Amino acid sequence: MTALRHPGLWLSLGVPALIGLWPIVTQNAANREVVFTILMSMVLASSLNIFLGYTGYVNFGSIVFFGLGGYVGFYLMSAQGVSLVPAILGGGTASGLLAFVLGRAILRLRGAYFALATIGVNEAARAFINNFVPFGGPIGMSLNFAVYTQYGGATHALWFAYRLLLILTLGVILVSFLVKTSRFGLGLQAIRENEDAAEVMGVVAPDAKTWAYVLSAIFPGMIGVLFFFKNGNVEPGDAFRLHASIETIVMVMLGGAGTVFGPLLGAGLYQRLRGLLLVSPIFKNVQLVVAGILLLLIILFVPAGVVGWLRQRFPRLRRVLE
Amino acid sequence: MILQTLGVSMRFGGLQALNRVTIDLPEGQILGLIGPNGAGKTTLFNVINGIYPPSEGRVVFLGEDIAGRRPYRLAHMGLARTHQIVQPLTDLSVMENVMVGACYGRERLGLSAARRVADETLQFVGLGARHEQMAGSLNVAQKKRLELARALAARPRLLLLDEVLAGLNQTEIASMVQTVAEIRRRGVTIIMIEHVMHAVMNVSDRIVVLDYGEQIAEGTPSEVSKDPRVIEAYLGDPDLAARLTGSVR
């Protein structure tokens, strides 16, 4: 595998790995909570990038996979007594299946029509879960505290969840890199640049788009399970927050859509900024306004994002920044 | 016959873009497709290529009825084309553009084999030095060559060339005509839509003339340029026809 010798891969894996190891080395629970949010954003942004960045389709409903996967995994744990790792796999599978079915239906749409359909999907999922009694309807579900004993108590369970998150983060980065540098990824990028021309050249666009959509759904579904496991409860309002989808788009665009490292950088920068805004007395209630303005400014002035801009400005960096 | 269109018609609402066009194309030939603007030439390409299913008639490629088959299936069977209005994959490099052709064309190559084929093809069309450049930064003549390279990298059996000479200067036309002749020598059958008369008359084995969707003439370049209907509909000037026939001889 020549791809594994690419310095761009090691940079993209190395930076999140170092950030992720910091709480483990310091054994500090406060650090762990901060980094948990950052890693989670990296997984969401990196997954969205496979679809938004490589394939060029704007998805305003990416959080639906996080929510649905989280719900399915949570149900498996709370109602069926399944342990965390199989529940994560179940959540990921459920999200992947949902994406496959949805993809077959709405990926015929292009551009703004597809984007609108994805908003509809998020709202439909929320409405469905709100009325779905096995999943607790509008009240949601909560975990019995006793389930934590199989991981050696709540503290250990939280560290266990954190280590799994770190592994999943590195996993999604590896997948993102392999997709980008593969024949499949070349087909996706051809679709992004010009779908009609890509089809004329032989790219089976309906299939390629569906698989990209499925890939971008699996990891969010898995970390949804981790997130709600850590929280101990899940409810529709937490699982299907439309603004979380938009924040993820901001992260991808900020760092650089279509690059491997960009979404990771974007997630880190955005969460740092969000952290600062949330503690500032002026901005704490309007941090989403800042996100919106940021997105507008990026699209107007640096559509390639930080990493994309650096790659254009300094062609030499292309060897390291993938 | 590598390709046959049997009574192919295409209607867009009230507009009859093609009316019962029947073409037989033996393997290894170059067929020139000429006619005034709006005659339906590009529409015929779009029908052969699977962009539009024909309203009536059949298209047979390599012995299979392909009417209504999606463009990517036809690409896998060995059909490649260039576009009249160039369609580069702007933010991908010239190399990557051509690799898409090689990866997803008839041979469906892996990345490293595709890179070799793309490299060869770029040398062949004269873009070898520009393989790292972004496709969007090429000029028009280079983008036309890029389209050609992408189509060739797919190793097609049949190549549809839509005005590859338009917008080129005399020197560029001469070199592109040589390139086209060389492609045919390598065993690729070609249909070319062209407005540059002396070029298409020189390089084609046979010519089909379309006018308002009707197939008004068919034959060797010299037969076609003597046909009174063609002169009236397209060439306009009988002296021009005489000069063109002269150049063929």
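Helix H5 of chain B runs over residues 140–153 and holds 14 residues. At 1.5 Å a residue, H5(B) should span 20 Å, and its end C-alpha atoms are 20 Å apart, so the two agree. The expected span is 1.5 Å times one less than the number of residues. Helices (H or I, at least four residues) and strands (E, at least two) are DSSP runs, numbered from the N terminus.

This is a predicted model: local features need pLDDT of at least 70, side-chain atom pairs count only at pLDDT 80 or more, and totals for chains, interfaces and linings use all residues. Residues are numbered from 1 along each chain as its sequence is written, while chains are lettered from A and ligands numbered from 1 in the order in which they are written.

H5(B) is mostly covered, with 12 of its 14 residues buried. Buried means that 20 or more other C-beta atoms lie within 10 Å of the residue's own; exposed means 12 or fewer, and partly exposed is in between, with C-beta atoms placed from the backbone. Among the buried residues are B:Leu146, B:Leu148 and B:Arg150. What do the buried residues of H5(B) pack against? The table lists their partners in chain B.

| Element of chain B | Residues |
|---|---|
| Strand S6 | 79–81 |
| Helix H3 | 94–104 |
| Helix H4 | 111–125 |
| Strand S7 | 158–162 |
| Helix H6 | 170–185 |

After H5(B) comes B:Arg155, with a positive phi near 50 degrees.

Now chain B as a whole. It has 10 helices and 10 strands. Of its 249 residues, 47% count as buried. Its C-alpha atoms fill a box of roughly 55 × 40 × 30 Å, taken along the principal axes.

Next, the meeting of the chains. Here 15 residues of chain A are in contact with 23 residues of chain B. Contact means that two C-beta atoms, placed from the backbone, lie within 7 Å. On the side of chain A that touches chain B, H7(A) gives the largest share, six residues.

B:Val100 is in contact with residues of both chains, including A:Leu186, A:Met201 and B:Arg150. This leaves aside its neighbours within four places in sequence. B:Val100 is also one of the residues that touch the most other members of the largest nonpolar core, which has 175 residues. A nonpolar core is a set of buried Ala, Val, Leu, Ile, Met, Phe, Trp, Tyr and Cys residues joined through C-beta atoms within 7 Å. Helix H9 of chain A (residues 205–231) gives the most to this core, with 17 residues.
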